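The paragraphs below go through them step by step.

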Amino acid sequence: MSLTIEPAGTSAAEASLPAPRWRHRHLLDLDGLDWSEIEVLLRTAEDMRGVLARPIARVPALRGRTVTILFYEASTRTRVSFEVAAKNLSADVVNITASASSVSKGESLVDTVRTIESLGANMLVMRHATSGAPYLAAETFSGSVVNGGDGWHAHPSQGLLDLFTMRRHLGDLRGRKVAIVGDILHSRVARSNIWALTAAGAELWLCGPATLLRGFEAWAGSWRGTAGGPDGRKGFVVTSDLRAALRDADVVMTLRIQRERQAGGLLPSLREYAARFGITRERLRGARPDALVMHPGPMNEGVEIAPDVAVGSGSVISEQVRNGVAVRMAILHLLSGTLAGSTAPVEGTARG
Amino acid sequence: MAEVEAVVAPGETIAELDVTRAWLIDPASGREGPGEIVVEEGRVGAVTWLDGTEADGIAPDGVIVAPGFVDLHAHFREPGFEQAETIATGSAAAAHGGFTTVCLMPNTRPAIDEAAVLVAVGQAAAASGSPVRVLAYGAVTHGRAGEELAALGELADAGAIGFSDDGSPVRSAGVLRNALLYAAMLDLPIVDHPEEQGLTGGAEANEGLVATVLGLKGWPAAAEAAAVARDIAVLADVVATEPRARLHLTHLSVAESIDLVRRAKAAGLPVTCDVTPHHLALTDEWIAGARRYAWQAEGVNPDPWRDRALVAGPFDTSLRVNPPLRRPADVMACLAGLRDGTVDAIATDHAPHTRVDKDVEFGLAANGISGIETALGLLLEAVAAGQVPLGRVIAALTVGPARILGSRLPAPIGLNEGAPADLMIFDAGDRWEVNETSLRSLGHNSPLLGRALPGRVLLTVAAGRVAYLDEADPDRD
């Protein structure tokens with residue numbers, strides 16, 4: 001089911017990019033996707049990388065469609081990445097940056113989404129500080145909603161681009177060890193990576209201070225039993241032992257530590273965090289010599305990751321950003337195939 | 001087949017009611033079985049228990065007659081939040097749920113922290129025209145702020161049935177101790193909402209697998225258990241010198257709390273508790289999109305993702321409630337507590353909200369379930385699943401709360417010949433759909449919308465007057 005994109009300038013195919021079979025109207029989380037669907041996304045992203053390699057990285061897949069990017073939280077890379085992805089697909093892009101304070105001033109999300117729809121949006125990419133907010137938008141919006149990050153819950157495009165980046169370097173991830181280190185509790189990136197990497201069969205380790213891992217041991221335990229996790233997933237390991245998490249790891253991903261964790265009483269200090277959990281060149285020696293180093297950004301260099309590691313030989317952090325555009329192009333392209341005017345079968349529930 | 005013949009008009013004294021070949025439940029006398037009941041001019045004329053061949057074919061799966069239910073915990077939002085509910089609409093909802101007495105919480109605006117507000121509530125109840133008895137708690141502290149005692153004595157004189165800062169716990173153990181002592185002098189209970197707020201700041205859902213996976217801030221079981229343990233310790237200290245002190249713990253939701261109350265009762269402490277219908281059936285899995293009852297979640301470690309139990313979208317704000325919906329194991333512990341009598345009463349914590357307050361992001365949504373009309377249906381689901389006997393459920397809705405209210409309940413509970421009729425009749429074999437038309441409450445914030453619940457209420461009679469009359473097709477079987 002490979003997607004072929006005709007070279008630019010070959011008339012007929014320009015107007016009608018073939019969309020692979022894709023049943024989900026929204027992309028809100030990765031928990032509802034099975035491996036075959038994730039593979040379709042990854043293969044489509046691979047094709048989009050081909051588009052990005054062209055002198056003029058633009059295809060008309062979303063010509064005439066409007067993608068509205070609604071961010072209630074400050075973000076540069078994800079917002080710009082979606083914007084570039086949409087423009088590369090020839091969509092019209094509307095950017096809305098809503099301040100989080102406007103929420104408390106009584107502007108309801110439902111009203112905002114209705115307004116955006118009335119203004120002609122076909123696809124809505126949203127980021128919100130509250131877990132689950134995109135599901136509320138999806139109930140109201142008649143087009144497609146893409147979750148650009150909601151609270152602590154999910155960041156599906158990030159999970160996919162991380163998976164895509166790992167697969168480009170390592171191929172099949174079955175049996176490959178991936179260690180995610182940092183503030184797991186408050187991380188939507190960690191949660192989306194749990195779904196993506198367990199589906200891929202990776203050996204996943206989550207590591208951080210005990211206060212920032214709370215609840216994940218129980219989640220892991222739930223999947224460790226004889227029944228395993230959903231779709232027979234084998235689960236993941238949760239530990240505060242950084243040395244064990246890094247030992248022979250193929251991938252080391254660090255997460256941003258926010259200053260608020262100190263004020264919230266979850267950490268004694270960022271300095272202590274850096275001393276115990278910061279990824280330094282020294283600590284990275286425990287991993288495989290060719291281990292990939294990843295970070296979803298933005299980085300606190302010198303806290304969760306040492307500056308020399310961030311730009312070191314194994315670092316694929318810049319490549320994550322480039323791959324993010326390809327993955328987001330794939331997401332927008334596949335979802336657009338489910339919208340009105342398309343012949344693809346549609347599953348329209350918020351869970352779809 | 002039971003027959004219900006009635007000459008009735010809503011709001012009026014019930015002229016004539018003749019129920020034949022029904023199932024009667026009278027927890028006051030401890031009796032339950034086939035029987036017949038006659039009501040004339042608002043009074044119970046005759047109660048006849050059938051036996052032998054007369055009783056053949058009568059089972060508790062059809063028309064059932066029970067005393068009117070008493071709800072120890074409801075929010076009717078008046079004064080201050082009349083868009084969400086008024087005393088008139090709340091009373092109509094109560095009657096539709098089979099309740100003839102409701103005890104309102106004082107977290108109105110202004111709070112019921114002085115007698116004038118309580119009097120206004122009583123006037124609104126009288127003006128509603130509903131015969132449902134509206135009783136109310138006073139606040140424990142001024143403005144429910146947790147610091148200075150409210151006008152407890154004046155509130156007692158004006159008819160308060162006890163004191164509660166519900167919505168919030170009585171934060172300070174010192175304030176709780178003084179409140180227990182002072183209320184004991186007035187012969188009234190303190191009703192606490194047990195929550196150690198140091199553990200629940202910003203909490204959105206029960207701390208557990210569902211909250212972890214969905215990225216919701218957890219409300220740990222320990223926050224309730226710690227508060228229950230504190231309250232019981234303070235009570236023990238108070239009763240040593242003031243034996244009239246009474247503590248009622250409302251809407252308990254976790255296994256540890258039930259166990260603490262069980263042990264406190266065994267030690268002879270004057271503590272009672274209630275559990276809501278939603279905490280006796282629903283679980284936090286519903287927030288993930290599961291729609292199975294607690295007893296349907298199999299195994300010691302259920303996981304709705306692994307179990308392929310997710311059938312609806314996640315983050316439905318009608319499921320946001322305080323205390324939150326808990327794990328299946330907690331629900332099973334609450335059911336066990338109900339069976340063994342640790343749980344004295346089932347109280348609805350009916351908490352209607354407007355759309356404006358619920359059609360928002362999950363973490364921003366108001367806490368509460370509009371539940372006074374769906375209480376019976378949810379409980380009958382538990383009965384049908386063999387989780388608790390019907391008689392025990394009815395007792396926990398009638399004599400259980402009546403014992404806690406004591407002399408503050410104006411009339412005794414029971415199917416008592418010669419007394420003003422105070423009863424409800426429902427058809428356990430008939431289902432009704434919960435929807436925006438069938439609900440009488442202004443609050444449509446129910447996770448059960450669209451479901452068909454067992455136990456259609458046919459008639460509710462409070463103090464001899466018709467409070468609710470089912471207008472459905474009279475030819476229905």
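**Aromatic rings within and between chains**

In this predicted model, A:W195 is buried, and B:W305 is buried as well. The two residues form a tilted aromatic pair, with 6.4 Å from centre to centre and an angle of 45° between the planes. Because A:W195 belongs to helix α8 of chain A (residues 188-200), whereas B:W305 lies in the loop between α8 (285-288) and α9 (328-340) of chain B, this pair joins two chains. Both residues also take part in one aromatic cluster, which they form together with A:F216, A:W219, A:W223 and A:F236.

A second pair is found in chain B, where the ring centres of B:F315 and B:F362 are 6.3 Å apart and the planes meet at 70°, so the pair is edge-to-face, the term used for angles over 60 degrees. B:F315 sits in the loop between α8 and α9 of chain B, and B:F362 in the loop between α10 (355-358) and α11 (375-384) of chain B, so the pair ties together parts that are 47 residues apart in sequence. Over all chains, the count of aromatic pairs comes to 13.

Aromatic rings in chain A also have charged groups placed over them. The charged end of A:K177 sits over the ring of A:W205, at 3.9 Å from the ring centre, while the charged end of A:R328 sits over the ring of A:F82, at 4.9 Å from the centre of that ring.

How values were computed: Residues numbered from 1 in each chain as written. Chains lettered and ligands numbered in written order. Predicted model: local features only at pLDDT ≥ 70, side-chain atom pairs only at ≥ 80, totals over all residues. Heavy atoms only, no water. Phe/Tyr/Trp six-rings, centres within 6.5 Å; stacked < 30°, edge-to-face > 60°. Helix = DSSP H or I, 4+ residues; strand = E, 2+ residues; numbered from the N terminus. Buried < 20%, exposed > 50% of the residue type's maximum accessible area, 1.4 Å probe, protein only. Lys NZ or Arg CZ within 6 Å of the ring centre and 35° of its normal.
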